[in-house]
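Here are my notes on this one, jotted down as I went through it. Have the model open while you read.

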Amino acid sequence: MAVSHRLFRLFSPFTPAKNNLSSFLIRSLSSSSPHGPSLDPEIDLKEAAAELEKSSSPSSSPSWTKGRNFHWVFLGCPGVGKGTYASRLSTLLGVPHIATGDLVREELSSSGLLSSQLKELVNHGKLVPDEFIISLLSKRLEAGKEKGESGYILDGFPRTVTQAEILEGVINVDLVINLKLKEEALLAKCLGRRICSECGANYNVACIDIKGGDGDDRMYMPPLLPPPKCESKLITRADDTEEVVKERLRVYNKMTQPVEEFYRKRGKLLEFELPGGIPQSWPKLLRALHLEDDKQSAIA
Ligand code: AMP
C-alpha cells in the first residue's frame, strides 16, 4: 500500500515522547514485527504499567465510582453503535470516552501533505498505520493524565492484534465489550448516520425494521432524529458511502476480528448482541455490566 508506506516514513522517527506512556507505547511499537508483535525485551512492561498507574491523579468520577479506574474497550463492526454506548457509559462512570476515529478526523481537518495522504486512506475505508494511531492516542492519554484523568473507555482502538499487544503491554484492560448487531442493520445504520457540524451530536435517519423468523425476534430501530437547532447543520461522514462502508466491514473482518479472539483467550471479552435501539439495548447492557441501579435513570 503505497500511501501507507509514505506515511510510515513521515512518522518515523516520532516526536520525542514526554513521559512513560508515550515512550513505552512508541518503543513497544517500534519493536513490533509484521509477523506479530515482539515487545522490546529491555522494557519491563509490568513495571511500566505499575508506574503509570501510580502516577495517575485521583479520578473526578462520581462518588459511587471513586477509586475505580475503568480501562474498558469497545469492539464491534462499523455502524454497530460503539460511539453511542461508549459515550453513555463514559457519562455514567465518569471516565472519558476516547474514540480514535474522532482523533483521526480532528487530525484530518488540518491542511498539509500528511493530512491529505491520511484522508486518502480513511476515505477509502482503510486503516491508518499503527504508528500514526499510537502516536495520536499517546498524545491524547498524556493530555488526559495531565488533567487528572485515570481511566477511559476506548472506542475504535485496538483495531489490529499489534495494537492490542501494545496496549496490553502498558495497561491492564479490565473489560472488552464486543457489540454485535445483525449484519443487515450495519450498512443501513452507517448510511443513515448524520452529524451536526456545529455541536458534533450524532443522529440517524435510518428506520430499521428486520422481520423475525427462524427463532429470531423482529428488530426495530427507529430513526434518531435531530432537534430543530441541528436540523439545518447535518453532515454525512465521507466514509459513510455504501462502497466505503462495505470496505470498512471487510477490513474489520480481516484485521479486527482477530482482536476479539485475542481478548477472548484472555477472558476479557463480553459479547453483547444488541436487541434493537437504545431503549431496549441500554438497560440490557447495564444489566450485563452489573451497573443497573438508580444512577442509570440520570442518563436513560
Ligand atoms: P471510526 O470513526 O472508528 O469508524 O474510524 C474512522 C477511521 O479512522 C477508520 O476507518 C480508520 O481509517 C481510522 N482509524 C480509527 N481508529 C483506528 C485504529 N485504531 N487503527 C487504524 N485506523 C484507525
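1. Starting with the ligand: its shell splits into 6 nonpolar, 4 polar and 5 charged residues (Ala, Val, Leu, Ile, Met, Phe, Trp, Tyr, Cys and Pro count as nonpolar, Asp, Glu, Lys and Arg as charged, and the others, Gly among them, as polar). Keep in mind that this is a predicted model, where local features need pLDDT of at least 70 and side-chain atom pairs pLDDT 80 or more, while totals for chains, interfaces and linings use all residues. Numbering runs from 1 along each chain as its sequence is written, and side-chain values use heavy atoms, without hydrogens and water.

2. Thr100, Arg105, Lys126, Gly156 and Arg159 come nearest among the 15 residues around the ligand (a heavy atom within 4 Å). Helix α5 is the top contributor to the shell, with 4 residues (helices are DSSP runs of H or I, at least four residues).

3. Now the polar contacts (N or O pairs within 3.5 Å). A polar backbone atom of Lys126 sits 2.6 Å from a ligand oxygen. The side chain of Arg237 has an N or O atom 3.0 Å from an oxygen of the ligand, and a polar side-chain atom of Gln163 is 3.0 Å from a ligand nitrogen. The protein buries 95% of the 480 Å² that the ligand exposes when taken alone (Shrake-Rupley, 1.4 Å probe).

4. Last, the helices: the axes of α5 (residues 100–108) and α7 (residues 130–146) come within 10 Å and cross at roughly 100° (lines fitted to C-alpha atoms over the stretch in contact, with angles from 0 to 180 degrees between N-to-C directions). So α5 is roughly perpendicular to α7 (65 to 115 degrees). Thr100, Leu103, Val104 and Glu107 of α5 meet Phe132, Ile133, Leu136, Leu137 and Arg140 of α7 (heavy atoms within 4.5 Å).

Notes:
Helix = DSSP H or I, 4+ residues; strand = E, 2+ residues; numbered from the N terminus. Parallel < 35°, antiparallel > 145°, perpendicular 65-115°, else oblique. Polar contact = N/O pair within 3.5 Å; in protein donor to acceptor, adjacent residues only side chain to side chain.
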